[in-house]
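Take a walk through this chain, from its overall build down to single residues. Keep the model in view as you read.

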Amino acid sequence: MKFDNPEDIVQLTAQWEGERFENGRPKVSDDVLRRMRKITLEEAWGPLWNRGYAFQFEGDFKIIHPDKIMVGRAVTAVLVPKRPDLHETLLKYGHEQEGRKGFFNQWVIDSLVEDDVAVVDMFDKVHLGTYVGGNLSTAISTRTKRGGAVIWGGIRDNQQVVEIDNINVYYRGSDPTAIADVTMVGMNVPTRIGKAICLPGDVVLGTPSGVIFIPPHLAEITVVQAEKSQVRDIFGFVRLKEGVYSTAQIDAGWNTALWTDFVNWFNSDPAAKEYRHLTWEEELKDAVKYDEDDQKHDVRL
């Protein structure tokens, strides 16, 4: 058994065909992360749900900065209750064979780089389950610049952590005790966070509603579809205010006439300028099936 094993990480994330970190973790581009910061949770959720990824969201958290969006690449960890023989074996292995320092949680934090988010299954332990406090949160801030942590467990030193502006932390509860009686059994392995599952290299999108984990091979298409949804909404709001279309027309599949109106607006209106890297050929092709259907009941996700 190895911690942060490149062979395992590559095997787990085989559908990712892009750049990887040295340890094999997928490295979704900085551009995709930048664009991800501008989309809503629901806009990211729709493309995943439609592709069968039904267990990517968890919302039952406390949040250090509820009004701030968090985006980054996942570094995962799984901890279990302490069993002395397992605990001693794995701690000794990490120290002696992999040259790691300190306790299990420090191993994960020390591995973080810019735009990372630590995603930790602490089996919902809060008392004696505080994965980070003021010191480790400061280290996360320094290493990730604008990342953070998602902890299915506890934190401590909240009054200190809340003063760290450039990261966010999602957690289950607070306690003054330090971390104890836990053993890390996996680093950069599949990790369960409540009802959701996260793999190393997933794009973590944290919002006021909760956290969604976006598989790296779906990150760009998720952003594109989210951006398309955003700009279509901008157009829809304009036309609804003008009384040009009904809500039933805007919310359902668009026919060719409506798409033509949208594309003309998209190519000329200043409100669409930042979205003009998007293309609409496939949507225009699909619009034909709605041209003779006056009873459209499908709703955009």
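Two residues are in contact when heavy atoms lie within 4.5 Å. With that in hand, look at the chain as a whole. Among its contacts with a separation of 6 or more, 74% join residues 24 or more positions apart. The model is a predicted one.

Begin with the build. The chain holds 11 helices and 12 strands. Its C-alpha atoms fill a box of roughly 70 × 40 × 30 Å along the principal axes. Of the 301 residues, 50% count as buried. The accessible surface comes to about 14,600 Å². Carbon and sulfur atoms make up 51% of that surface.

Next, the division into domains. Domain 1 covers 6-214, and domain 2 covers 221-299. Their centres, taken over C-alpha atoms, are separated by 37 Å. How many residues of each domain are in contact with the other? Domain 1 contributes 12 residues, and domain 2 contributes 11.

Now turn to helix α3, residues 41-50. Which of its residues are buried? They are Leu41, Glu43, Ala44, Gly46, Pro47 and Leu48. An α-helix has 3.6 residues a turn, so residues three or four places apart point the same way. Several elements cover the buried residues of α3. Strands β1 (57-58), β11 (203-207) and β12 (210-214) are among them. Helix α8 (216-242) is also included in that cover. After α3 comes Gly52, with a positive phi near 90 degrees.

Glycine is one matter; other residues are another. Most residues other than glycine have a negative phi. Asp4 has a positive phi, near 55 degrees. This residue sits in the segment before α1 (6-12). Is Asp4 buried or exposed? Asp4 counts as buried because its relative accessible area is 15%, under the 20% limit.

Asp181 also has a positive phi, near 60 degrees. Its place is the loop between β7 (173-174) and β8 (182-187). With a relative accessible area of 40%, Asp181 is partly exposed. That class runs between the 20% limit for buried and the 50% limit for exposed.

Move on to the second largest pocket. Its volume is about 190 Å³. The lining consists of 13 residues. Which of them are closest to the centre of the pocket? They are Leu12, Tyr53, Leu199, Pro215 and His217. By class, the lining has 8 nonpolar, 4 polar and 1 charged residues.

Finish at Ala271. This residue lies in the loop between α10 (256-268) and α11 (281-286). What does Ala271 touch, leaving out residues up to four places away in sequence? The partners are Ile234 and Trp265. Ile250 is 21 residues from Ala271 along the chain. The C-alpha atoms of Ala271 and Ile250 are separated by 18 Å. Ala271 counts as partly exposed because its relative accessibility is 36%, a value that falls between the 20% and 50% limits.

Conventions:
Residues are numbered from 1 along each chain as its sequence is written. This is a predicted model: local features need pLDDT of at least 70, side-chain atom pairs count only at pLDDT 80 or more; totals for chains, interfaces and linings use all residues. Side-chain values use heavy atoms; hydrogens and water are left out. Helices (H or I, at least four residues) and strands (E, at least two) are DSSP runs, numbered from the N terminus. Buried means under 20% relative accessible area, exposed over 50%, partly exposed in between (1.4 Å probe, protein chains only). On a 1 Å grid over the protein atoms alone, a cavity is a set of points where a 1.4 Å probe fits but cannot get out, and a pocket is an open set with protein on both sides within 12 Å along at least five of seven lines; lining residues have an atom within 4 Å of a point. Grid points are joined across faces, edges and corners, and a volume is the space filled by probe spheres set on the points. Ala, Val, Leu, Ile, Met, Phe, Trp, Tyr, Cys and Pro count as nonpolar, Asp, Glu, Lys and Arg as charged, and the others, Gly among them, as polar. Accessible areas come from the Shrake-Rupley method with a 1.4 Å probe; for residues, only the protein chains shown count as cover. Domain bounds come from an automatic or database domain assignment.
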